[in-house]
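Please keep the sequence and the model in view while reading.

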Amino acid sequence: MNWDVLVPLLLFLVIIFLIGIWSNNKLKQSKSFLSDYFIGSRELGGLVLAMTMVATYGSASSFLGGPGAAYSIGLGWVLLAMTQVATGYFVLLILGKKFAIITRSYNAVTITDYLKGRYESSTVVILSALSIIIFLFSAMAAQWIGGAYLIQSITGLSYISALFIFAVAVLVYVVIGGFRAVSVTDTLQGVVMFFGTLLLLIGVVIAGGGLDQIFADLTAENPNLVTPYGNDGNLSALYVSSFWILVGVGVVGLPQVAVRAMSYKDSRSMHRALIIGTIVVGFIMLNMHLIGVFARPVLPGIEVADQVIPLVALEVLPGWLAGIVLAAPLAAIMSTVDSLLLLVSSSVVKDIYVNYLKPDATRKNIQKVSYGITGIIGVIVFLMAVQPPDFIIFLNLFAFGGLEAAFIWPVVLGLYWKSGNKYGAMASMLAGISPYIAIHFYNEANGSLFGVHTVTVPVFISLIAFVIFSLLFKKKIKLNY
Amino acid sequence: MGKDRRFRIAHREALIGVVLAIFNFLWWYGFAYGLGSKSPEEYTYILGFPAWFFWSCIIGFIVMVILVIIVVKFLLTDVPLNDGREEQSE
């Protein structure tokens, strides 16, 4: 075992535990348990808000899968990744102050709460809570598997022990600390990612003999690697542009991101978060995908592309520094998992338990249930990740795009279109998810429909469904704003 | 609440978000495929990077950061988010 690498990683875990304990103390002093546990009493400042949005979104897929794809495909994939700069300002500007004001007036602590207040329909509530629980549960399980693999590849422990360490680390601070612990650790993790990717990029450029040398090597190997069209020339401009919907503007519809847009303290925090978020997300995405491309001449012939970041870090940096840098992908995974865990738990506790099973629950009761449910969900995910059942892998394929297609219009048009109503919302959610699954299979069999990413068509179908069904059933559904 | 002044501000700011994203897309697409479509032997390099990538991804990112800063400093308005009532306790 390599202690140089392990010590910084262990230190990182200890700090995260301390944040959990600190948050638990603040939680005990709060007025409303639910509001504090699930959205930190709406008192996030600018830095924490920006970091928690970036960290929640920058998951294992973008941290291990992204650089891996850049390693195989070349600069074209970095171009694709840079569509994510838009998430830094778009979500907060679009949902904006109106979302913050309205969710406050509904006293909402989840996206489902907001939809409940806006559409006043229990069908919408159930549809929303179920899609969050099912899809995000699967997404979370997939991330746990990623986290365990990463720990395994750094420490050489067995998969099960690695998974166990990962599970304990995440569960402790999420269960006791709630949203505040999640957002503060996200901030720490965001800082680690920011500097970690910068250090590693510098290390790779030096190891590769400077930029000129690296680009000369890449062009010598395959000139397509330095074009926007990918290693085999098949990455079309249209396909890359359709990622603007999946990872750029469509992120507005992701419940784990949108819930953060109701948690900030005041409009000045939001203004600061716009600037910080745009800088941090662009910087991290640019650096880590460039690392993937530049790693190619430094470490040719890596077979499992997802291992590019850990392998290259151990190759080009001294052990202790590699440990600090490798805390970054671990941070990315943990910071996504913690938010998903809390969101799934909030759906069960707030949207189902408090709404339907026990509306008159006392603070003590809700508190016990919240800790309990969060813990139980964590244990179930752990058990699933030990031997991932096929349906988890299957559902995870749809998780992000499917949720975007389901939620984007009920959330956004609910905010800005007065005539939008519950019939539109139901139709839109169903019309988002089902074509998503159908088109996914079509694309697997026949290549991408219209040459764009799977998410594109369902997003348009669900928009049309929302508008048509809202107008069709345009009755005396009255709004007070 | 009625016709809330805060909502008029919020609507304008959402529109700014859309305009920023459209501008971002055009810049990103224009430089990437405008300069990147020729064959790699004809590429020019700026500070070590192929020109299409330098303008689209690196300068494009810096331009967006500057625009966001300008928007925040000069176009966004501070508004109170509460209706003057406290968070309900359960």
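Two residues are said to be in contact when they have heavy atoms within 4.5 Å. By that rule, 61 residues of chain A are in contact with 53 residues of chain B. The model is predicted, so local features need pLDDT of at least 70 and side-chain atom pairs count only at pLDDT 80 or more, while totals for chains, interfaces and linings use all residues. Residues are numbered from 1 along each chain as its sequence is written, chains are lettered from A and ligands numbered from 1 in the order in which they are written, and side-chain values use heavy atoms, with hydrogens and water left out.

**The interface**

The size of an interface is often given as the accessible area lost when the parts come together. Taken as the accessible area (1.4 Å probe) that two parts lose on being put together, summed over both, the area buried between chain A and chain B is about 4900 Å², and carbon and sulfur atoms give 69% of it. Leu93(A), Ile101(A) and Trp244(A) supply 13% of the area that chain A buries against chain B, more than any other three residues.

A polar contact is a pair of N or O atoms within 3.5 Å; within protein, one must be able to donate a hydrogen and the other to accept it, and residues adjacent in sequence count only if both atoms are side-chain atoms. Nine residue pairs, with both residues at pLDDT 80 or more, are in polar contact between chain A and chain B. Helices are DSSP runs (H or I, at least four residues), numbered from the N terminus; among those giving two or more residues to the side of chain A that touches chain B are helix 2 (33-39), helix 6 and helix 11 of chain A. The largest share of that side, 13 residues, comes from helix 6 of chain A.

**Salt bridges**

A salt bridge requires a side-chain nitrogen of Lys or Arg within 4 Å of a carboxyl oxygen of Asp or Glu. Six are found over all chains, and one of these crosses the interface of chain A and chain B.

| Salt bridge | Closest N to O distance |
|---|---|
| Arg180(A) and Glu43(A) | 2.8 Å |

Arg180(A) belongs to helix 9 (residues 159-207) of chain A and Glu43(A) to the loop between helix 2 and helix 3 of chain A, so this pair ties together parts that are 137 residues apart in sequence.

**A pocket**

On a 1 Å grid over the protein atoms alone, a pocket is an open set of points with protein on both sides within 12 Å along at least five of seven lines, and lining residues have an atom within 4 Å of a point. The second largest pocket has a volume of about 580 Å³, volume being the space filled by probe spheres set on the points, which are joined across faces, edges and corners. This second largest pocket is lined by 21 residues, and those nearest its centre include Phe90(A), Trp409(A) and Val18(B). Helix 1 of chain B gives the largest share of the lining, seven residues.

Technical notes: On a 1 Å grid over the protein atoms alone, a cavity is a set of points where a 1.4 Å probe fits but cannot get out, and a pocket is an open set with protein on both sides within 12 Å along at least five of seven lines; lining residues have an atom within 4 Å of a point.
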